[in-house]
Amino acid sequence: MTRVLVVDDDVTVREVVVTYLRAAGHEVDETADGEGALTQLRDHPADLVVLDLMLPGIDGLEVCERLRARGDDLPVIMLTALGSETDRVVGLERGADDYVTKPFSPRELVLRVESVLRRAGERAGGGRGTVTDGDLVVDSTEHTATLAGRRLSLTAREFDLLRFFLSHPGQAFSRDELLQKVWGWSFGDQSTVTVHVRRLREKVEADPTRPVRLATVWGVGYRWEPSA
């Protein structure tokens, strides 16, 4: 049974989310603020966090940042009442794996939770082996990536995307295809892909503004250009 931590200061929202997740077979803990979330995760490690953006004290963005800063790749789905693309992108850039905008369908949220958990399980239990491209090495067994011998700091989602590209050199993929093939989503905002491609470029390209490895294919999507 997977353990999910729900963090939201709105009692009604929290009760609804907890009820639906428990009905779907998950063990669920809950808390109302960021400090409580960090304490819960320290004392009772979870498999995934449903994290509200607007929290008293430490907000959801800072909670997510603290988790990523300590190297924790715990999956995070962020809840936000802010609907603009900029707000959604900020959450993804701070390390969130997915987001759901309020008001939302509890059934959709459960589907998102199960999709993210499924991908996390696949990372942990499969995809063994190493793929390389010149001085870039991705080791799926150890879940590490190195560039010229230097270890890269990647989120779980960035790691999945990089491994996929290196496993399919020279092939062009649309954003929708990447959502489905990399993360198993049959729905989702394409800005998720855009953000993570940009973040990957910042880590693997000599000049992220002029990418030569992770190329844009205009009118299609992206393609990994293998080293000569």
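In the predicted model, T146 stands opposite R151 of strand 9. The two strands concerned, strand 8 (144-147) and strand 9 (150-151), pair in the antiparallel sense over two bridges. They belong to an open sheet of four strands, in which the order is 6-7-8-9 and the pairing is antiparallel.

H143 is located in the loop between strand 7 and strand 8; its phi is near 55 degrees, a positive value in a residue other than glycine. A148 is located in the loop between strand 8 and strand 9, and phi of A148 is likewise positive, near 55 degrees, in a residue other than glycine. H143 counts as partly exposed because its relative accessibility is 25%. A148, with a relative accessible area of 61%, is exposed.

Helix 6 (156-167) lies across strand 6, strand 7 and strand 8 of this sheet and runs at about 115 degrees to strand 7. Helix 6 also lies across strand 10, strand 11 and strand 12, where its direction is at about 65 degrees to strand 12. Helix 7 packs on the sheet formed by the latter strands, touching strand 10 and strand 12, and its direction makes about 90 degrees with that of strand 10.

This second sheet is open and has three strands in the order 10-12-11, with antiparallel pairing. Its edge strands are strand 10 (172-174) and strand 11 (214-217), each of which pairs on one side only. From one strand to the next, the twist averages 35 degrees. Strand 11 and strand 12 (221-224) are paired in the antiparallel sense over four bridges; in strand 12, Y222 is the bridge partner of T216. S174 lies in strand 10. When neighbours within four places in sequence are left aside, S174 is in contact with V220 and G221. S174 and W218 are separated by 44 residues in sequence, and their C-alpha atoms are 10.0 Å apart in space.

The packing of the helices was examined next. Helix 6 and helix 7 pack at an angle of about 105 degrees, and their axes are 10 Å apart. Helix 6 is therefore roughly perpendicular to helix 7. On the helix 6 side, R157, D160, L161, F164 and F165 meet L178, K181, V182 and W183 of helix 7. By class, this contact has six nonpolar, no polar and three charged residues.

Helix 7 (residues 175-183) also packs with helix 8 (residues 191-204), at an angle of about 80 degrees and with the axes 9 Å apart. This angle makes helix 7 roughly perpendicular to helix 8. Helix 7 contributes R175, L178, L179 and W183 to the contact, and helix 8 contributes T192, V193, T194 and H196. The classes here are four nonpolar, three polar and one charged residues. L178 and W183 of helix 7 take part in the contact with helix 6 and in that with helix 8.

The largest nonpolar core has 24 residues, of which L161, L162, F165, L178 and W224 touch the most other members. At least two residues of this core are supplied by each of strand 7 (136-139), strand 8, helix 6, helix 7, helix 8 and strand 12. Helix 6 provides the largest share, six residues. Another core, of 23 residues, lies apart from the largest one and includes L38, L61, L67 and V195.

A cis peptide bond is present between K102 and P103, with omega about -10 degrees. P103 is found in the loop between strand 5 (98-101) and helix 5 (106-125).

How values were computed. Residues are numbered from 1 along each chain as its sequence is written. This is a predicted model: local features need pLDDT of at least 70, side-chain atom pairs count only at pLDDT 80 or more; totals for chains, interfaces and linings use all residues. Side-chain values use heavy atoms; hydrogens and water are left out. Axes are lines fitted to C-alpha atoms, for helices over the stretch in contact, and angles run from 0 to 180 degrees between N-to-C directions. Angles under 35 degrees count as roughly parallel, over 145 as roughly antiparallel, 65 to 115 as roughly perpendicular and the rest as oblique. Contact means heavy atoms within 4.5 Å. Ala, Val, Leu, Ile, Met, Phe, Trp, Tyr, Cys and Pro count as nonpolar, Asp, Glu, Lys and Arg as charged, and the others, Gly among them, as polar. A nonpolar core is a set of buried Ala, Val, Leu, Ile, Met, Phe, Trp, Tyr and Cys residues joined through side-chain atoms within 4.5 Å. Buried means under 20% relative accessible area, exposed over 50%, partly exposed in between (1.4 Å probe, protein chains only). Two strands pair if DSSP finds at least two bridges between them.
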